[in-house]
Amino acid sequence: MFIRNGWYVAAAAGEVGRSLLARWICGEPVVMFRKEEGAPVALEDRCPHRKTQLSLGSLAGDEVQCLYHGLRFDCDGACTFIPGQDNIPPRLKARAYPLFEKYTWLWIWLGDPALADPDSIPDYHWNDAPGWTPVGGYLNFRADYRLLVDNLLDLTHETYVHARTIGNMAVAHTPQQTEVDGDIVRVTRLMKDCNPPPLFKRARGIAGNIDRWQKIRFEPPAHIKIDAGGAPVSPAEKDKVLNWWILNALTPETERSTHYFWAVSRNFSQDDEDLSKMVHQQTVQTFEEDRDVLESQQRMIETDPSGGTLLAINCDAGGVAARRIIDARVRAEAA
Ligand code: FES
Ligand SMILES: [Fe+2]
């Protein structure tokens with residue numbers, strides 16, 4: 001169910017330091033920390049000796065010391081020390097995962113390390129590039145990550161779920177175009193001369209109508225970036241164009257839960273801290289509305305005696321295409 005040869009966000013860069021952070025990723029227990037010189041490290045969070053969680057132990061320099069019997073492991077997972085025993089069997093080795101810091105996040109590769117090319121980390125430069133001001137955070141959803149993929153590739157639900165922030169009627173009433181290009185899915189919705197949603201009015205002070213756009217891009221394993229905005233129709237408001245990128249890095253935690261690393265990065269009023277606070281608060285509110293729907297959906301799918309088959313209508317085209325790409329990648333890795 002999970003792509004392993006792909007980059008997932010394992011943590012925000014600031015979460016990992018000189019202590020042991022435990023996190024499940026795609027059903028695998030991972031422990032992360034930083035070396036004394038700062039480089040991030042990820043090991044399987046399971047002691048090769050008797051399977052205790054390594055994250056219960058402690059750091060000794062750049063080595064992890066297991067809490068249970070004091071064995072030590074270096075950053076490659078190799079055992080370096082057994083109390084009272086000189087010979088170290090080579091099979092006493094914890095798995096080490098490639099882990100890189102980029103765009104304010106830490107990126108992990110769970111699959112074949114020989115294929116882990118840091119140049120193929122998905123582009124999230126809006127997180128730290130000049131000209132952009134991001135706000136962001138982390139949420140944990142008790143739902144299959146593919147339900148989040150469906151949700152973000154079909155923003156029709158904004159009209160109904162997010163009426164208080166980003167929903168307007170134009171979203172539900174304007175059909176979207178879906179294109180598939182190899183492993184990339186693009187969903188575009190252009191809404192001409194429509195009423196701005198509440199958050200657009202608050203963020204930009206737009207009074208009249210806007211030409212609104214949503215350009216969504218999915219790439220595997222589960223990265224969804226949305227170029228969203230509105231351009232006022234009235235020439236008197238031409239300087240109030242709103243453009244932000246909604247960045248969604250989805251990392252499965254288990255088959256039924258997801259780490260959700262998100263950011264909203266804007267290219268206007270960059271130094272306005274009150275605006276940043278407001279956008280952060282409103283985005284969290286919006287995503288909490290999604291959480292209520294998706295966690296309920298997860299429970300109903302799991303408990304559906306008829307097997308939980310999902311039906312698709314036009315607006316599901318993007319999610320259906322993304323699931324096909326994920327399934328094909330998972331099958332190819334299994335083969
Ligand atoms: S279980 Fe880790 S040292 Fe024994
Ligand atoms: Fe939503």
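Is arginine 46 buried, partly exposed or exposed? Arginine 46 counts as partly exposed, because its relative accessibility is 31%; the classes are buried (under 20% relative accessible area), exposed (over 50%) and partly exposed (in between), with a 1.4 Å probe and protein chains only. The structure is a predicted model, in which local features need pLDDT of at least 70 and side-chain atom pairs count only at pLDDT 80 or more, while totals for chains, interfaces and linings use all residues. Residues are numbered from 1 along each chain as its sequence is written, chains are lettered from A and ligands numbered from 1 in the order in which they are written, and side-chain values use heavy atoms, with hydrogens and water left out.

Salt bridges were assigned where a side-chain nitrogen of Lys or Arg lies within 4 Å of a carboxyl oxygen of Asp or Glu. By this rule the count is 21. Side chains of opposite charge can pair when their charged atoms come close. Arginine 46 pairs with glutamate 44, with 2.7 Å between the closest N and O atoms. A salt bridge also links arginine 23 to glutamate 15 (2.7 Å, N to O). Arginine 23 is buried, since its relative accessible area is 10%, whereas glutamate 15 is partly exposed at 33% relative accessibility.

Helix 5 spans residues 273-302; helices (H or I, at least four residues) and strands (E, at least two) are DSSP runs numbered from the N terminus. A salt bridge joins arginine 291 and glutamate 288 (2.7 Å, N to O). These two residues, arginine 291 and glutamate 288, are about one helical turn apart because 3 residues separate them in helix 5. Arginine 291 is buried, with a relative accessible area of 16%, and glutamate 288 is partly exposed at 28%. Elsewhere, Arg4, Glu28 and Arg95 form one network through salt bridges that share partners.

Threonine 283 is also placed in helix 5. Threonine 283 counts as buried because its relative accessibility is 8%. With residues up to four places away in sequence left out, threonine 283 touches Trp262 and Val264, contact being heavy atoms within 4.5 Å.

Aspartate 274, another residue of helix 5, counts as exposed at 58% relative accessibility. On the surface, Asp274 belongs to a patch of negative charge together with Asp271, Asp272 and Glu273. Such patches are made of residues with over 30% relative accessible area and no salt bridge, like charges being joined within 9 Å and nonpolar side chains (Val, Leu, Ile, Met, Phe, Trp, Tyr) within 5 Å.

Definitions and conventions
Accessible areas come from the Shrake-Rupley method with a 1.4 Å probe; for residues, only the protein chains shown count as cover. Lys and Arg count as positive and Asp and Glu as negative; His and the chain ends are not counted. The place of a charge is taken as NZ of Lys, CZ of Arg, CG of Asp or CD of Glu.
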